Amino acid sequence: MKKILITGAAGYIGSCLFFYLKNNFKVSVIDKKKNLNFSIINCDLLNLNRLNKILKKEKPEFIVHFAAQSLVDETINKRKYYQNNIVATNNLIKSMKKNKINNIIFSSTAALYKYKNKIISEKSEIKPISTYAKTKFECEKLIKKSKINSVILRFFNVCSSLKSKNKIVGELHNPETHLIPTLVYKNMKKKLVYIYGDNYKTRDGTCIRDYIHINDICSAVRKSINYLSKNKNKFEIINIGSSTKITNLEIIKNVEKLTKIKTKFKLVKRRKGDVAKLSCSINKARNKLNWNPTFSKIPRIIKDEISWIRHLDKLNIKRKFRNYL
Ligand SMILES: NC(=O)c1ccc[n+]([C@@H]2O[C@H](COP(=O)([O-])OP(=O)(O)OC[C@H]3O[C@@H](n4cnc5c(N)ncnc54)[C@H](O)[C@@H]3O)[C@@H](O)[C@H]2O)c1
C-alpha cells in the first residue's frame, strides 16, 4: 500500500479525503486542530522540529498539503495568512527535502485568477486580489522552486458531503461563508438569505458560478497520486471545477425542489469585487489526470448537503454563518 500524509486533515476537505483514501492507502493525518471523527497527529506546520520528527517516523511517499488559513476575510490579520500559508508551506518543503520525500499535491485556489467573465483555463491571467489568494500564489511559487514532483490543484467552489459506508463527512467551517451550505441550511431552517446583485448580464440577473462536489475533489487527488507515481520532475497546475454554470436563483430553485420548502430571500445590491460569470475549463484535468467530475450535478450536490445538515442536527451541532448569501 502506498503511504500518503495529509496536512490540514481536521479541516473540511482533508477529513473527507481521509475517509475517501483510507481503504486503499496507508494514510497519516496531521493538523494543529482536532477532528471529531478520527484521531490526528497534532502538528503545527510552523513547528519545523516537530514536523521533521513526524515525517521521519511516518515516511510518506506522497504529501497532500491542505493545511491553510483558508477563510477569505480581509479583516483577518494578514500575518495569519503569511504564517499558515507561506511559512507553513516553506517548512513543509524543507522537511520533505530533509526526509527525502519527493511528491506533493497542493490545494490552491481559483481565487488567484484575474476574473474576466469567461471560462478560466490554467493559461488565464493571474491577478490575486485577496491576501488569501496572494499567499496561495506564493506557495505555488515555493513549490515550483523546490523542484519537488508536484501537482497544484486550483479548486473552484468545493461543496457538499462525502458518504463512505456508514459515515458521512462534510463542511463545518466557523463561520460558514460558502454559498451552497448557506443556501441549503437557511432554506431548511426557514431563515432569510440575501442575494447580492440581480442586474448582472446573466440568464436571470444573478451571478453564475462553478461548483464541485467533494467526491470529485477526492477523486482528483487520487488521480494526481497516480499521475505523480508515473511521472518524475513535474510541476503541473490543474484546475478542478465542474464546468457547470449555474446562477444563484437556479440553485435556490433546485434546493426548493428537493426540500419542498420555499426559500426566504431578498435581492440586495451587488458586492464589490463580484463578477457576473465564473466557470472553469477542465480540459487539462481530463487530459493529464484522466479525471472527470461525476458527482457534481447540482441536485446531487444539494441532496448530499441536505443529508449532512440532517446529520449535524442529529448530533445537535450548532453552526455559525457569515451574512454571505
Ligand atoms: N473549500 C473550498 O471551497 C476551497 C477552494 C479552493 C481551495 N481550497 C483549499 O483547500 C484546502 C482545504 O480547504 P478546507 O475548506 O478543507 O479548509 P479548512 O479551513 O476546513 O481546513 C484547513 C485546515 O488546516 C489546518 N491548519 C491551518 N494552519 C495550520 C498549521 N500551521 N499547521 C497545521 N494545520 C494547519 C486548520 O487547522 C484546518 O483544519 C485549503 O488549503 C484551501 O485553501 C478550498
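**Ground rules**

I number residues from 1 along each chain as its sequence is written, and my side-chain values use heavy atoms, with hydrogens and water left out. The model is predicted, and local features need pLDDT of at least 70, side-chain atom pairs count only at pLDDT 80 or more, and totals for chains, interfaces and linings use all residues.

**Entry 1: the ligand shell**

I started with the ligand. How many residues surround the ligand? I found 26. The closest are Ile13, Asp31, Ser70, Tyr132 and Lys136.

I then sorted the shell by class. It has twelve nonpolar, nine polar and five charged residues. For this I took Ala, Val, Leu, Ile, Met, Phe, Trp, Tyr, Cys and Pro as nonpolar, Asp, Glu, Lys and Arg as charged, and the others, Gly among them, as polar.

Next came the elements, which are DSSP runs numbered from the N terminus: helices (H or I, at least four residues) and strands (E, at least two). Helix 1 (12-21), strand 5 (103-109) and helix 4 (131-146) each give at least two shell residues. Which element supplies the largest share of the shell? Strand 5 does, with three residues.

**Entry 2: polar atoms at the ligand**

I looked up N and O pairs next. A polar contact is a pair of N or O atoms within 3.5 Å; within protein, one must be able to donate a hydrogen and the other to accept it, and residues adjacent in sequence count only if both atoms are side-chain atoms.

- The side chain of Ser107 has an N or O atom 2.9 Å from a ligand oxygen.
- A polar backbone atom of Val158 is 3.2 Å from an oxygen of the ligand.
- A polar backbone atom of Ala68 is 3.3 Å from a ligand oxygen.

I also checked cover. On its own the ligand has 820 Å² of accessible area, and the protein covers 93% of that. Areas come from the Shrake-Rupley method with a 1.4 Å probe; for residues, only the protein chains shown count as cover.

**Entry 3: rings**

I counted five aromatic pairs. The rule: rings of Phe, Tyr and Trp (its six-membered ring) pair if their centres lie within 6.5 Å; planes under 30 degrees apart are stacked, over 60 edge-to-face, the rest tilted.

I picked out Phe19 and Phe38. Their pair is edge-to-face, 5.5 Å centre to centre with 80° between the planes. It links distant parts of the chain, 19 residues apart: Phe19 is in helix 1, and Phe38 is in the loop between strand 2 (26-31) and strand 3 (41-42). Both Phe19 and Phe38 are buried. I use buried for under 20% relative accessible area, exposed for over 50% and partly exposed in between (1.4 Å probe, protein chains only). Phe18, Phe19 and Phe38 form one aromatic cluster.

Then I looked for charges over rings (NZ of Lys or CZ of Arg within 6 Å of the ring centre and within 35 degrees of the ring normal). Arg270 has its charged end over the ring of Tyr200, 4.0 Å from the centre. Arg271 lies over the face of Tyr196, at 5.2 Å from the ring centre.

Ser70 sits in the loop between strand 4 (62-65) and helix 3 (78-98). Is Ser70 buried or partly exposed? Ser70 is partly exposed, because its relative accessibility is 40%. Its C-alpha is 12 Å from that of His178, 108 residues away along the chain.

Thr135 is in helix 4. Thr135 is buried, because its relative accessibility is 7%.

A polar atom of the Asn91 side chain lies 3.4 Å from the backbone oxygen of Leu46.

**Entry 4: backbone**

Most residues other than glycine have a negative phi, and most peptide bonds are trans, so I listed exceptions.

- Asn174 to Pro175 is a cis peptide bond, with omega near 0°. Pro175 is in the loop between strand 10 (167-169) and helix 5 (179-188).
- Lys59 has a positive phi, near 45°. Lys59 lies in the loop between helix 2 (48-58) and strand 4, and is exposed at 55% relative accessibility.
- Lys190 has a positive phi, near 55°. Lys190 is in the loop between helix 5 and strand 11 (193-196), and is exposed at 51%.

Terms used: Near = heavy atom within 4 Å.
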